[in-house]
Every structure is written in structure tokens, then in C-alpha cells.
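Let's take a walk through this structure together. Please have the sequence and the model open as you read.

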Amino acid sequence: MVTNFYTISDDDFANPERGFYIQADSYASAPSPVPSNLAAIRLNGNNSPGNTYTAKISLLLRLFYLDTFVNSPISSNFLNSIQADFDSIRAQGAKAIVRFAYNQDQTRPFAEPTKARILSHIQQLAPLLKKNSDVTAVMQEGFIGAWGEGYFTDIFYTNGQARTQNWIDRADVLDGLLSALPMERMIQVRTPQIKQKYVYGPTAATGSAPISSTEAFTGSGAARIGFHNDCYLADSTDEGTFSDYDFGVGTSPQDIANLRNYLAQETRCAPMGGETCAVNPPTDDCAQAGGNADTDMARSHYSFLNQGYNAAVNDNWVQGGCIEYIKRRLGYRLELISGIFRTEAQPGQAIPLTLTMENTGFASPFNPRGIELILRNAGTGQKFFAALSRDTDARRWLPGTNHVINTQLLLPPDMPPGDYELLLNLPDPAPSLYGSIPYSIRLANSNAVSSANAVLGDVWEASTGYHDLRQTLTINGTATNAPPSGGEIPVLAFSAVIETYDTWRARNFPPNSPAGSPDADPDGDGRVNLLEYAVGTNPNSPDSGSEFNISFQNAALLLSFQKGPGCSDVNYEVESSPDLSPGSWSTSSVTIAQNDAATFRVSYTGMAASGFLRLKLGLK
């Protein structure tokens with residue numbers, strides 16, 4: 001075993017879904033295209049409005065004003081314009097913070113649609129939002145009030161405050177948006193109280209508890225709501241961000257403290273961003289200048305801020321000396337500390353791998369992220385892949401502590417002999433973006449150093465977006481390693497990070513072949529393709545059924561099996577029956593003991609004289 005260490009870089013560079021962003025609006029009454037310089041400002045940086053600093057930009061706030069559709073459906077022309085914007089964003093290697101609004105009205109009468117109209121617009125937008133979720137970093141609730149920030153409204157507030165029905169109506173809009181987006185995408189609301197009322201109901205107090213860490217990233221509505229503070233550091237409540245809007249109640253100092261604490265806890269696992277809006281010294285000054293700006297960004301886990309507004313506040317951070325620190329720390333900033341590696345192995349053997357990471361940013365990544373070790377043959381360039389993200393979720397790499405990947409990898413039995421370079425890749429798991437360098441996370445590292453303090457070379461491989469761990473694994477016929485014990489991460493000839501039924505089908509069947517349909521059984525073994533895919537067996541070779549482990553213990557029938565590599569698009573469900581009669585199948589007596597990326601294990605405890613289990617599969 002050898003240990004390598006990795007030096008830390010202070011370079012400023014763009015990374016996906018974090019940092020300063022720019023804003024560009026488009027009105028239905030006069031659509032305007034996405035800026036054409038997104039690729040350039042990601043690489044070279046964008047000057048602030050006063051030319052006081054430059055920031056590398058990977059995010060665009062795209063605010064769509066549905067100003068001509070307050071009383072009518074969205075036109076096909078404007079829907080096409082929105083799609084063209086997403087196409088441009090994708091082509092330029094950027095991602096969008098998406099928001100919809102109708103007006104900028106701050107005085108009555110407000111040109112606002114009914115709740116029914118908003119919900120119908122969301123339904124119209126749903127196919128487009130799902131189609132373009134790959135380049136959507138996060139969606140903001142929008143739709144309500146001036147700029148879509150939720151305040152100036154006579155439908156969702158009553159004289160600037162909320163009665164029970166107002167909270168119910170807001171929750172209905174949130175439900176509509178959550179349904180319109182894929183489960184992997186989150187929504188930001190304008191104030192923490194909006195989330196409290198959604199999660200706990202209209203009577204929820206400002207002291208309501210944050211969701212638990214176990215619920216985070218489960219795909220539930222509560223787990224998919226973060227915040228955008230668009231008057232950051234402006235005053236004691238940030239212009240109402242931390243106010244109590246319950247009708248006739250008012251906001252106490254305790255309410256403000258409750259809501260600030262709630263947001264700080266929630267944003268450990270939910271996206272936080274926004275913009276400043278007014279100069280407010282010394283609160284909005286750098287910590288080193290006696291203020292609270294960068295300290296609060298860390299406490300509230302800020303991932304992104306508007307570079308263009310409020311420019312005067314942002315310029316204070318230049319004068320106060322913390323702008324470079326903020327540029328590097330917004331969102332995540334991942335650093336590789338060390339790696340422990342095996343130097344040789346035989347095909348089919350298991351090898352250990354240990355990588356130690358640290359997140360020195362203000363926040364963790366908030367969207368799913370691939371993590372994979374790539375073994376690249378130094379002679380031929382052939383690549384093999386181990387999906388480390390099967391057992392490790394980068395969204396849980398909270399700031400301030402080390403995060404250790406300590407795992408075992410199973411080499412394929414037919415792996416060609418030779419020397420393999422070990423590379424670390426953190427790609428976007430969307431198949432449409434995988435392999436695109438602008439969408440891969442870059443680690444804040446410079447060089448690899450051996451345990452003898454010898455410099456081994458640069459870590460970042462700019463031509464691929466990989467990180468060269470500066471370690472070689474030799475595959476030969478003599479190495480001694482422990483035999484596989486089960487549960488190892490398989491090393492594959494394809495990337496399981498982006499495995500879907502479609503990629504699996506393309507690898508196993510000719511294009512458009514009916515033999516590749518989910519319900520086909522081309523090898524005649526009684527297993528349709530969807531089952532072969534879901535448990536990782538070969539659809540073109542009959543299987544024996546040994547992948548399923550069935551046993552009987554303590555009056556319970558047990559079923560377990562290993563899932564196929566990837567398979568994040570499969571729904572697994574087990575039902576039980578005491579006698580196989582058609583109406584007797586139910587999930588009520590089935591206990592799921594394990595359901596992670598690798599293993600599915602259940603027990604049936606409602607048995608009498610006999611009992612049966614059946615596995616139901618479906619594509620999401």
C-alpha cells in the first residue's frame with residue numbers, strides 16, 4: 001500500500017451550481033435571448049458593475065416574465081423561446097436558476113393571475129422543466145408578487161399578511177411546482193416561514209423544527225425546499241425575510257432569531273442563495289472589518305449570490321478585503337487531502353481504496369453528483385469505471401470536516417494486464433452532461449506528493465476534467481489480494497454513474513431492436529429485460545436465479561438481492577400474500593430492511609401457514 005498527499009490550491013475557478021451569478025430577464029411581451037458570453041465568463045471571469053473585481057461565472061438567473069399571459073395560457077411561441085434559452089445555456093456550459101413572474105408591481109392594483117391560472121401555467125411548463133432539468137441548478141418558487149418574490153399580492157396575502165387560506169394557497173403552488181420538476185431538483189422559497197407553513201401546516205410557529213438529516217435528499221416535498229434571500233444583510237429582518245407574516249401577529253426579536261436559526265439548520269441540506277439589496281454597515285461589512293457578511297454566509301450555507309445587485313454592498317467586500325475569500329467559498333470547495341492505494345492486483349480480485357476529502361466552502365453540493373474512480377490503461381487508453389457515488393453522497397459533505405471514502409473495488413475477471421492510471425472524476429450524473437468538462441467539479445488541488453515528499457505532478461487534467469491521483473495500479477497474474485467478500489463496488493467497462501435503462505439497452509441490443517424493450521425476454525430464461533437490468537444480469541445469456549437470496553428466519557420470510565449498477569431509474573416494490581389469491585397482495589406486511597444503491601432486502605412478518613413475496617419493477 002502507498003499513500004499520496006495533495007497540496008491545496010487557492011486559485012479562483014468556476015464550478016457548477018455555485019459562486020456569483022449574473023441575471024438576465026426575458027419578457028413574453030419582448031423576449032430577449034440568453035447572453036452569448038456565458039462560456040467566456042466561466043473561463044475568464046465577469047467584471048462587476050463597478051469594475052472592482054472579476055468573478056468566474058457558471059450560473060445564470062433566468063427570470064421569465066409571463067406579463068402577457070395573466071389571463072390566458074402561455075403561447076407556444078414563448079414556450080419555444082424558453083426552450084431556446086435552455087438550449088443556449090446548455091451549449092455554453094452553464095446552468096440556470098429559474099424563476100417565473102408576471103410583474104414588478106409594488107402598488108395596487110397588482111397585475112396578478114388567479115391561483116388557478118398559475119397552476120395551469122405550471123402544468124404547461126412541466127414538460128419543458130423536466131426536459132431541461134439537466135441545466136437547471138434550482139428553481140425558485142416565483143409566480144407570486146413583484147419579481148416573483150411573493151410579497152406584493154392580494155391573492156396570496158391579505159393586506160401584506162397571511163391568513164390560513166393564504167398559506168394553503170401558497171402550499172398549493174409549491175405542490176404544483178414540486179410535481180412539475182423531477183424529484184432530483186429542488187425549489188427555493190423567499191422566506192423560511194413559507195417552508196414552515198408548507199411542512200407543518202398554516203398554524204406552524206416560527207420555532208418549528210428543521211427536517212431531520214435522515215429525511216434530507218429523500219425526494220419528499222420537505223426535503224426539496226431551500227431559500228433565496230433577496231435582501232441579504234439589509235436590516236434585522238433582511239427586509240422581511242425573517243418576519244412573521246401570520247395575520248395580526250407581528251414580528252418579535254424571538255421570531256427573528258427562530259427564523260434565522262431555522263434557515264441555518266435547513267440549509268445544511270438545501271440550497272441557499274440570493275442577492276444583497278441595500279447598504280447596511282457594519283452588518284454587511286467583512287468580518288475582518290467588523291462586519292458579519294462572510295461569517296453569516298458560512299452560517300447560512302450560501303451557494304450563490306448575485307454579482308450585479310446590490311453592487312454597492314458587493315464593492316464593500318472588495319474594500320473590506322474579503323471578496324476573494326467569498327469568491328472561493330461560495331457553495332462547496334472540495335479539496336483532496338490524501339489517498340491510500342494498492343499498487344498491483346490480479347483480474348477478479350478485490351482491492352481497497354481510501355480517499356480523504358475536505359469541504360472548505362460555505363455549503364455542500366445540493367444536487368446529485370457522480371463520484372467515480374477511473375482506471376485508464378497507460379498504454380492503450382482503455383478506461384474502466386468504479387462508481388464511488390454508489391455508497392457516498394457528496395451532498396452530505398458538509399463544510400468544516402474531513403470526509404473519507406473507504407471502500408473495496410472488485411476488478412473484472414477479464415481486465416487486460418497492464419499499468420492503469422488512477423483518476424478521480426466528479427461528473428454531472430445527467431447523461432446529457434456527463435463527460436462535459438464545464439459540468440464536472442474541479443477540486444482545489446495543485447500537486448500530488450508522495451509520502452517521501454516527492455512532487456509527483458499536477459492533479460487537475462484540464463483536457464478531460466479528471467483528477468490525476470498520480471498513482472498506478474499494475475494488473476498482473478501474480479499479485480496477492482483478499483478474495484471478494486460481496487458488496488464491493490464493481491469496476492466496469494462503462495460508467496454506472498449515468499446508467500439508465502436506455503444506456504443499458506444501447507449497450508446490449510442493436511438500435512431500435514424490439515429485443516431491447518423492457519418486457520422482452522431475448523434469452524428465454526423467463527426474466528424480462530427490466531428484471532435483468534434491475535438485478536445486473538445478462539439479457540443475452542440465460543440465468544439460473546442465484547441472484548435472489550430467500551430464507552426463513554424467526555417466523556419471517558426474507559428476500560434480498562443486489563441491484564444492477566446504476567439503476568437509479570428503477571422503482572423496486574415488494575408485495576406479500578398469504579395464499580396467492582388475486583386480492584390478497586399488499587405491501588402492509590412487508591418491512592424494507594435495506595434499500596440503497598447496492599442492495600434491496602425485505603422481510604414478510606405476517607405469515608401464518610404459508611406466505612409469498614413478489615417483486616414489482618417499474619421505470620421512473
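How many disulfides does the structure hold? There are two disulfides in this model, which is a predicted one. As a reminder, a disulfide is a covalent bond between the sulfur atoms of two cysteines. Counting the bonded cysteines along the chain, the pattern is 1-2, 3-4.

Let's begin with Cys231 and Cys277, whose sulfur atoms are 1.8 Å apart. The torsion about their S-S bond is about 100°, so this disulfide is right-handed. Where do the two partners sit? Cys231 belongs to strand E9 (residues 225-232), while Cys277 is found in the loop between strand E10 (272-276) and helix H7 (293-300), so the bond ties together parts that are 46 residues apart in sequence. Are these cysteines buried or exposed? Cys231 counts as buried because its relative accessibility is 11%, below the 20% cut-off. Cys277 is buried as well, with a relative accessible area of 13%.

Now turn to the disulfide that joins Cys286 to Cys322, with an S to S distance of 2.0 Å. Here the torsion about the S-S bond is -75°, and the link is left-handed. Distant parts of the chain are linked by this pair: Cys286 is in the loop between E10 and H7, and Cys322 is in the loop between helix H8 (311-320) and helix H9 (323-329), 36 residues apart. Cys286 has a relative accessibility of 1% and therefore counts as buried. For Cys322 the relative accessible area is 1%, so this residue is buried too.

While you are looking at cysteines, find Cys269 and Cys567 in the model. Cys269 is buried at a relative accessible area of 17%, and Cys567 counts as buried at 4% relative accessibility.

Let's move on to a pair of helices. The axes of helix H3 (residues 115-131) and helix H4 (residues 164-180) come within 8 Å and cross at roughly 15°. Because angles under 35 degrees count as roughly parallel, H3 is roughly parallel to H4. The crossing of H3 past H4 is right-handed. Which residues make the contact? From H3 come Lys115, Ile118, Leu119, Ile122, Ala126, Leu129 and Lys130, and from H4 come Asp169, Asp172, Val173, Gly176, Leu177, Ser179 and Ala180. By residue type, this contact of H3 with H4 contains eight nonpolar, two polar and four charged residues.

Terms used:
Residues numbered from 1 in each chain as written. Predicted model: local features only at pLDDT ≥ 70, side-chain atom pairs only at ≥ 80, totals over all residues. Heavy atoms only, no water. Disulfide = S-S within 2.5 Å. Helix = DSSP H or I, 4+ residues; strand = E, 2+ residues; numbered from the N terminus. Buried < 20%, exposed > 50% of the residue type's maximum accessible area, 1.4 Å probe, protein only. Axes fitted to C-alpha atoms, helices over the stretch in contact; angles between N-to-C directions. Parallel < 35°, antiparallel > 145°, perpendicular 65-115°, else oblique. Left-handed = near helix turned anticlockwise from the far one by under 90°. Contact = heavy atoms within 4.5 Å. Nonpolar A, V, L, I, M, F, W, Y, C, P; charged D, E, K, R; others polar.
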